[in-house]
Amino acid sequence: MADNRGVRRRIDRRWLFDRRWLWVVAAVAAVGVVVGIWHLADRMYPPGTQGAAEARSALQGGILTAVAALIAVAGGLIALGETRQANKNTHVRELYTRAIDQLGSTSGTIRLGGIYALERIVTDSPADQRTVVEVLSAFIRSLSTAHALRAPLPPDADGTVPPLPPAIDIRAAVQVLARLPYRDAVPRADLTGADLTGPASLTDLALPNADLSRARLAEANLTGAQLDGANLTRALLLRANLSHAFLVEANLAEARLVEANLARAELFGANFTGAQLTGADLTEARLVEANLAGAQLTGANLTGTLLFGVDLSAVTGLTHDQLAVAHGDERTRLPAGVPPPPSWATSTKSL
């Protein structure tokens, strides 16, 4: 793996720290031997006392035996720990090698096994998450743009050409990326250049509460995707298709949604703070109680968009013409000097 050397250094330092404690215990025990042999025995059995020599000898022998046993236990624990760590490192390396081989298979089922094996590696070795993210991202970019994925199938006996089957392994790889735990300085996904349309589309993909922060999903087809509560902070969604998607209480702060299609999307309570929605299609989207503080709405299509309870006072690029075709209510806050359209009073009643 690309960062195995650094991972091993971190593991070795942690294990070295544990071994130091064991050797400290052994050293303390050795000091105890000296103290016990030369002082404790004399104090317990002073010279001249009847049977003192035999008692001192027995006590000193017992102390030596106990300390020797303690040192042996410490050494055994160190050896056991080193064996376990070596076995774990070997297991991760073997699992990774096997997963890479599976990703290169011509069988979609075998590729699925490789994807889930990489997810298991993150569980067993969290420090390898960056490598797993890079491998899965490259896998998606490569496979989604491969000519073979979009080559038309031969016609059936009646002359009709069957539709291309969905790329289930690409969907699975995106799901795994979205399920990985958050880690500082570890990217979520880099799907720049991936063609997530057609057989590689992510339509109706179920990713509730997923973490796709900073993910690059430009032009991805996420029609009808279930992204309720998902973290899409700073995600790149240029010209992405999110029509009919469910993004209730999703976090899209500072996301780039320029020319994205959000028509009829469920966006109740979604966070669009600082999001770039220039030219986005929000036709009939439900933005009820969404947070658009600082959002850029230049040229956005708000035809039939529900803006009930939305604070638009700090958005930029919003025009009166855009508001005239949208629906607001008495809770909708507008920029200073912008009156609500006359149609809002009647449209609110009809809705």
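The legends below describe close-up views of a predicted model.

**View 1. Overall fold and confidence of the predicted model.** The secondary structure of the protein comes to eight helices and zero strands, and from the N terminus on the elements run α-α-α-α-α-α-α-α. Of the 351 residues, 41% count as buried, and among contacts between residues at least 6 apart in sequence, 32% join residues at least 24 apart. The mean pLDDT of the protein is 84, with 74% of the residues reaching 70 or more. Over residues 1-17, by contrast, pLDDT stays under 50, and for this stretch the model has 22 contacts beyond four places in sequence.

View 2. Helix H3 covers residues 108-124, and its 17 residues reach 25 Å from the first C-alpha to the last, which is close to the 24 Å expected at 1.5 Å a residue.

**View 3. Helix H4 and its buried residues.** Helix H4 has 16 residues, 129-144, and because these should span 22 Å at 1.5 Å a residue, the 22 Å between its end C-alpha atoms agrees with expectation. Buried positions in H4 are Gln129, Thr131, Val132, Val133, Val135, Leu136, Ser137, Phe139, Ile140, Leu143 and Ser144.

**View 4. Packing of H3 against H4.** The axes of H3 and H4 come within 9 Å and cross at roughly 160°, which means that H3 is roughly antiparallel to H4. H3 passes H4 in a left-handed crossing. On the H3 side the contact is made by Arg111, Ile115, Leu118, Ile121 and Val122, and on the H4 side by Gln129, Val132, Val135, Leu136, Phe139 and Leu143. An α-helix has 3.6 residues a turn, so residues three or four places apart point the same way.

**View 5. Packing of H3 against H6.** H3 and H6 pack at an angle of about 5°, with their axes 9 Å apart, and the two helices are therefore roughly parallel to each other. The contact involves Gly108, Arg111, Leu112, Ile115, Tyr116 and Glu119 of H3, together with Ile168, Asp169, Ala172, Ala173, Val176 and Arg179 of H6. Arg111 and Ile115 of H3 take part in this contact and also in the contact with H4.

**View 6. Packing of H4 against H6.** The axes of H4 and H6 come within 10 Å and cross at roughly 150°, which makes H4 roughly antiparallel to H6, since angles over 145 degrees count as such. H4 passes H6 in a left-handed crossing. H4 contributes Val133, Leu136, Ser137, Phe139, Ile140, Leu143 and Ser144 to the contact, while H6 contributes Asp169, Ile170, Ala173, Val174, Val176 and Leu177. Leu136, Phe139 and Leu143 of H4 belong to this contact and also to the one with H3.

**View 7. Surroundings of Leu164.** Leu164 lies in the loop between helix H5 (147-150) and helix H6 (168-179), and because its relative accessibility is 31%, Leu164 counts as partly exposed. Not counting residues up to four places away in sequence, Leu164 touches Leu149, Arg150, Ala151, Pro152, Leu153 and Pro199. For one of these residues, Ala151, which is 13 residues from Leu164 along the chain, the C-alpha atoms of the two are separated by 8.3 Å.

Methods
Residues are numbered from 1 along each chain as its sequence is written. This is a predicted model: local features need pLDDT of at least 70, side-chain atom pairs count only at pLDDT 80 or more; totals for chains, interfaces and linings use all residues. Side-chain values use heavy atoms; hydrogens and water are left out. pLDDT is the predictor's confidence in each residue, from 0 to 100. Contact means heavy atoms within 4.5 Å. Helices (H or I, at least four residues) and strands (E, at least two) are DSSP runs, numbered from the N terminus. The expected span of a helix is 1.5 Å times one less than its number of residues. Buried means under 20% relative accessible area, exposed over 50%, partly exposed in between (1.4 Å probe, protein chains only). Axes are lines fitted to C-alpha atoms, for helices over the stretch in contact, and angles run from 0 to 180 degrees between N-to-C directions. Angles under 35 degrees count as roughly parallel, over 145 as roughly antiparallel, 65 to 115 as roughly perpendicular and the rest as oblique. A crossing is left-handed if the near helix is turned anticlockwise from the far one by less than a right angle, and right-handed if clockwise.
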